[in-house]
Amino acid sequence: MGYVAVKGGQEAIANAAELVEYYRLRAATPPIEIEQIRTQMRLLVDKIMGEGSLYAPDHAALALKQNEGDVFEAAFTMRAYRATLKREYYSEVLVTRDMLIRRRISAAFRDIPGGQILGPTRDYTHRLFQPELTTESMPSIEEFLQRIDAHIDPAKLTAIPKFGKVIDVLRAEGLLLVRDEGDRRVVDVTREAIKFPAPRSAALQMMARAETGGLMCLGYSTMRGFAAGGHGTVGELRVGDVAVQVKDPRGRVRYLGRITVTECEMVNSSKGSGKKGSLPLLSVGYGLCFGQNETKAICMGMLDNSLREPNEANPANSQEFTLYHTEGVESYGFTNHLKLPHYVTFQSGLDNLREAMQRTLASYAGLTVESPAK
Amino acid sequence: MNDMALNSGWLLRVRGLTKIYGQPDGDSIARTGPQASTNICPVTGAIVACAGIDFDLYPGEVLGVVGESGSGKSTLVQLLYFDQPPTAGSAFFTALDNGTTDLFTLSNQRRRHVRNHLLGMVYQNPRDGLNFNFTAGGNIAEKLIMAGSMNVASIRERSSNLLRQTEVPVARMDQTPRTFSGGMQQRVQISKAIANHPPLLFLDEVTSGLDVSVQAKVLDMIRQIQSELGISMIVVSHDLGVIRMLTDRTLVLKNGRIVESGLTDQILQDPQHAYTQLLVSSLL
Amino acid sequence: MIENKKFQSAYNFAFLDERTKREIRRKILKAIALPGYQVPYSSPEMPIARGWGTGGLHVSLAIIGRKDVFKVIDQGSDASVNACSLRQFIERMTGCRTTVDTAEATLIQTRHRIPEEILTEQQILVFQVPQPEILRGVERLETRTRSMHAEADYSKLWVSLYEAYVRYGSLMRGAGYPVRVNGRYMMSPSPIPRWDVPNLSDARCLYLFGAGREKRIYAIPPHTVVEPLEFEDVRFRVEDWGATACAYSNARDAFLDEIYEDDSSRKFVVNDSNFLDKLRTGPRPPQRLFRNPQ
């Protein structure tokens, strides 16, 4: 088991890595270009950037390519890379009120100030296969783009409207619950281990980085009665670009660029402040994530509400349950570590079980059983 | 303080014990109490569960605390057992530092020590006092282990004796109390509470959830244990029948205040306060 | 577009940036000052998956120096694929010399075993820990387990041992047997088998524990008293193979693996791969052995 065996292990790893590369390429089809993934797998790239906690579309596309589309691995690759980057600045607060809106809807009112903007969505597209995509070609794509371009009035492109927030209407009327948020520190969950009860900033960061499916599972559970608050209403969901700014060492605010984000304000009824005569005012749960990932932003908004009404009986009312178990990279890694050998720990358990079994059997009719190990 | 402890012979001295829920203002206590017929502050909505409670308890004595629901009687023992922190007040206990230390100033770790070694509690709901994931014996073992018993055979022997003393079939020692009848669950709770010979035991409505026939047996057993061990007790009940059977002295609570106190026999025969008279007349 | 050089850029010595290393070193010092206490730390993501040794890697990479000689074992073996993977990573990121010889190594990262051969003052053993919280089995909430440790409230853990004994006739704790460190904190010794637990106490080397996913570091300094939980009359016991000896070395008194052949026949072999090599080629290396009571 000495050097030769070690060498064997190393060779096995190298061979496995090569073999999995072979599986990626063995059909000998033309390589997918990073740019194609970044542009045509836009929503997947957005998801990976969110879960990978790094706004870098090209990196996300490469992560998807090298992992053959495994989203857990791709997000993991992004996180591992992110951890090696120097943290030069914390950005200024993103001003989503100034968002360049692509899409913006509210479920709370029929008409809202600035209007409902359906924007790019498949929400109302019937989920039928589009066989024509199997024969898509550059000419067909160009033809489509020209048709769209013909609709654009260049004169209107310069006017960039700003949209008020739907919840401002509710706030002006005094219908929103003003919560005592308690711990208002802005912590960095990538710089210190989260402690419970966690400040809201930590909970929101964890959820913005969380795995979309896990967040959806728990968000959905709140609507099926496994949390207080019930159904909730999308106060506003907006998708668009926001400016990222930092302060330079001389204190001047500098514009770095724009990122696409999805923002959601979920409105839920609350239990009120608990003071005498307090009303069950509306609670606003906040969701924000990179790219266009509406499911994630909505679920985050729902969970932001439920987490602020702690109740251990419900997963979605428990910070520890929700935040630990929706952390995709950690849960993915640990579930997969089950593939590692465990024969030492298993042997230790077997030793106990065999001994106990021997004792139990011996207690029946004075039988003795020979332990195979002894 | 030391002199006080040595001279007067009390076991437990409680002064000014107060518990308020919600957000009171400076006058919330004045706005509540028997004279106002409420414990809810009409201005702030704060609930004054109990306020300004003073009493001494003597070694071997059984003190009754009687009142209707909402009178603050359960809160009183929960504060003394550290289940919740008081808003104000102090409590001195001669079993701890000769009565020189206010129990409410103790660190969490020392509180735990006092709970495990010097106090016992029997709750109305057995779920509050027992861990249903453990066996009956395991529940008792928990108390014994915390007091330093590290020998399984002697832990089991002591647990069996305690169960026998409280008339629980020893054969059920290794089962979870979840499957036990209400009366038997209370007996297990009592076994656990007295496991470490605490000088002071709290009993909070221990028979309220039980059938009348079972009640009498449990009360008998408590009386027997009290006379055998000479343990001091604070017995909380809304039932004057229970108070009459068990206690030497009684505090009558209404809206979080003591309205009357004295020897139990005297209070029952000659109640002074109108509220006590009402309680006694309803007993007859 | 991505510039290719971004992906080929040289990494800092030992991969972690210096700021992260300093943070982890501070946490290690705190852990050493409070034996058995779990110190939270930043636990940045690594190119190795969570649950595959990130915590051990953080600790190893934060303390490794250029002159260190490094050894990695997984389940007692230098040859396990994950041990190879971690060894290659550290080798690549530090250029340090690696070894399979337990005695030669200055820094050993391990998953689930303490080498049989006695470790000395010159050596540090770094454990990869999947679940640092020994109370997790009796209390699932972190908020509560933290205050239970703070108040030394370990009754539930003791009762769980009592209950196992009542139900099965023994304490039924396999690997990861609960220990009390320096008379204070209850600690999970990472899931090492019971066989290794006595070697935690009064050791000559420093033991460091890294739990990456759970973001905790803890330590047992040299010559610290570490006691497995036991009752006066129900004692801690290590695994017992009776008269069975190693099929390759004929040795006893070492942790044995149970190995099945193609024909389903079974043999037992010394688990610690370097120890087995030494048994077969020379004198038996020095060992500390624990004898079960009676």
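**Chain B and its helix α7**

Modeller: Chain B, in this predicted model, has 284 residues, for which a compact globule would have a radius of gyration near 19 Å, and the value of chain B is 19 Å, which agrees. The radius of gyration is taken over C-alpha atoms, and the globule rule is 2.2 Å times the number of residues to the power 0.38. Residues are numbered from 1 along each chain as its sequence is written, while chains are lettered from A and ligands numbered from 1 in the order in which they are written. As the model is predicted, local features need pLDDT of at least 70 and side-chain atom pairs count only at pLDDT 80 or more, whereas totals for chains, interfaces and linings use all residues.

Biologist: What percentage of the residues of chain B count as buried?

Modeller: A residue is buried if 20 or more other C-beta atoms, placed from the backbone, lie within 10 Å of its own, exposed if 12 or fewer, and partly exposed in between. By that count, the buried share of the 284 residues of chain B is 48%.

Biologist: How many residues of α7(B) are buried?

Modeller: Helices (H or I, at least four residues) and strands (E, at least two) are DSSP runs, numbered from the N terminus, and helix α7 of chain B covers residues 182–193. Among the buried residues of α7(B) are B:M184, B:V188 and B:I190, and the buried residues pack against elements including β5 (119–122) and α8 (212–229) of chain B. The helix is mostly covered, and of its 12 residues the number buried is 11.

Biologist: Is A:E143 buried or exposed?

Modeller: A:E143 lies in helix α6 (residues 138–151) of chain A, and its C-alpha atom is separated by 45 Å from that of A:G333, 190 residues away along the chain. Because A:E143 has 10 C-beta neighbours inside 10 Å, it counts as exposed.

Biologist: Which element of chain A has the lowest mean pLDDT?

Modeller: pLDDT is the predictor's confidence in each residue, from 0 to 100, and its mean over chain A is 90, with 94% of the residues at 70 or more. Helix α3 (residues 42–52) of chain A has the highest mean among the elements, 98, and the lowest, 86, belongs to α13(A).

Biologist: Which element gives the most residues to the side of chain A that touches chain C?

Modeller: Two residues are in contact if their C-beta atoms, placed from the backbone, lie within 7 Å, and on this basis 47 residues of chain A are in contact with 56 residues of chain C. The elements that give two or more residues to that side of chain A include α1 (3–25) and α12 (328–336). The most come from one helix, which gives 11 residues, namely α13(A).

Biologist: What is the radius of gyration of chain C?

Modeller: Chain C comes to 7 helices and 12 strands. The globule rule gives 19 Å for its 294 residues, and chain C is close to that, so it is as compact as a globular protein of that length, with a radius of gyration of 20 Å.

Biologist: How many residues does domain 2 of chain C give to the contact with domain 1 of chain C?

Modeller: The domain bounds, which come from an automatic or database domain assignment, are 11–130 + 179–228 for domain 1 of chain C and 241–282 for domain 2. The centres of these two domains, taken over C-alpha atoms, are 26 Å apart. In their contact, domain 1 of chain C gives 13 residues, and the number from domain 2 of chain C is 7.

Note on methods
The expected span of a helix is 1.5 Å times one less than its number of residues.
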